[in-house]
Amino acid sequence: MSYLKIPVLTGMVLVSGLFPGLIHSVYAESYILSTPISLQEAERIAVEKDPLKAKHLEMEKAFTNESVAAKSLPNPKLNFGVNNFPTDTYSRTQSPMTQIKVGIEQPFPRGKTRRLRSAHKKILAQRQRTLSNNQQRVAVRETRKNWLDLYYWQRAQVIVLKNLKLFKL
């Protein structure tokens with residue numbers, strides 16, 4: 001397992017990668033990290049704290065729930081109405097034309113509409129899962145890139161300090 005000596009602020013920048021939203025959540029955790037972290041730990045933190053990955057996972061759950069709802073029939077409606085109701089006496093028996101209507105209405109969508117809408121929502125859920133997996137890979141890639149960049153600059157600093165006497169006239 002490889003370790004780099006990472007100052008706390010540098011570790012925060014390294015883990016946050018290209019995700020500026022991460023800097024706040026990782027900043028609080030960076031105070032806890034008084035010891036150097038491994039590349040694997042930096043990758044884990046970057047994936048764990050990535051807001052875009054969390055967004056895609058929540059949208060996947062939402063589309064999955066919507067696919068279940070799209071399969072079911074629409075909610076029935078209860079209708080209630082009164083026709084020819086006398087407004088002077090408010091008596092139902094005053095006129096023989098007074099009508100009270102009570103009914104239940106249940107719409108049935110045509111053909112395979114419900115099945116097709118459900119399949120569409122399932123495909124959208126799969127798309128969100130794929131985007132989430134892709135975002136996880138992007139977070140790992142950017143963390144590795146920043147890790148290597150930090151390693152390069154730390155090694156360059158060591159070499160320059162080692163050869164500082166060559167630069168003095």
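The following legends describe close-up views of a predicted model.

**Basis of the legends.** In this predicted model, local features require pLDDT of at least 70 and side-chain atom pairs count only at pLDDT 80 or more, whereas totals for chains, interfaces and linings use all residues. Residues are numbered from 1 along each chain as its sequence is written, and side-chain values use heavy atoms, with hydrogens and water left out.

**Figure 1. Overview of the protein chain.** The protein chain contains 6 helices and 2 strands, which follow the pattern α-α-α-α-β-β-α-α along the sequence. Helices (H or I, at least four residues) and strands (E, at least two) are DSSP runs, numbered from the N terminus. Of its 169 residues, 25% count as buried; buried denotes under 20% relative accessible area, exposed over 50%, and partly exposed in between (1.4 Å probe, protein chains only). The accessible surface comes to about 12,600 Å², of which 60% belongs to carbon and sulfur atoms; accessible areas come from the Shrake-Rupley method with a 1.4 Å probe, and for residues only the protein chains shown count as cover. Among contacts between residues at least 6 apart in sequence, 72% join residues at least 24 apart, where contact means heavy atoms within 4.5 Å.

Figure 2. Helix 4 (residues 51–71) and helix 5 pack at an angle of about 170°, with their axes 8 Å apart. Helix 4 is therefore roughly antiparallel to helix 5. Axes are lines fitted to C-alpha atoms, for helices over the stretch in contact, and angles run from 0 to 180 degrees between N-to-C directions. Angles under 35 degrees count as roughly parallel, over 145 as roughly antiparallel, 65 to 115 as roughly perpendicular and the rest as oblique. The crossing of helix 4 past helix 5 is left-handed; this term applies if the near helix is turned anticlockwise from the far one by less than a right angle, and right-handed applies if clockwise. The residues of this contact comprise 8 nonpolar, 8 polar and 9 charged. Ala, Val, Leu, Ile, Met, Phe, Trp, Tyr, Cys and Pro count as nonpolar, Asp, Glu, Lys and Arg as charged, and the others, Gly among them, as polar. Ser-132 belongs to helix 5 (residues 113–162) and is buried, its relative accessible area being 2%. Beyond residues up to four places away in sequence, Ser-132 touches Lys-53, His-56 and Leu-57.

Figure 3. The axes of helix 3 and helix 5 come within 9 Å and cross at roughly 140°. Helix 3 is therefore oblique to helix 5, and the crossing is right-handed. Leu-39, Ala-42, Glu-43, Ala-46 and Val-47 of helix 3 meet Gln-136, Ala-139, Val-140, Thr-143, Arg-144 and Trp-147 of helix 5. By class, this contact has 7 nonpolar, 2 polar and 2 charged residues. Arg-44 lies in helix 3 (residues 39–48) and is partly exposed, at 35% relative accessibility. The C-alpha atoms of Arg-44 and Val-140 are separated by 8.2 Å, although the residues are 96 apart along the chain.

Figure 4. Pro-74 occupies the loop between helix 4 and strand 1 and is partly exposed, with a relative accessible area of 34%. Apart from its neighbours within four places in sequence, Pro-74 is in contact with Gln-106, Pro-107 and Pro-109. Pro-74 and Phe-108, 34 residues apart in sequence, lie 7.6 Å apart from C-alpha to C-alpha. Asn-84 is found in the loop between strand 1 (77–83) and strand 2 (99–105). The phi of Asn-84 is near 55°, a positive value in a residue other than glycine. Most residues other than glycine have a negative phi.
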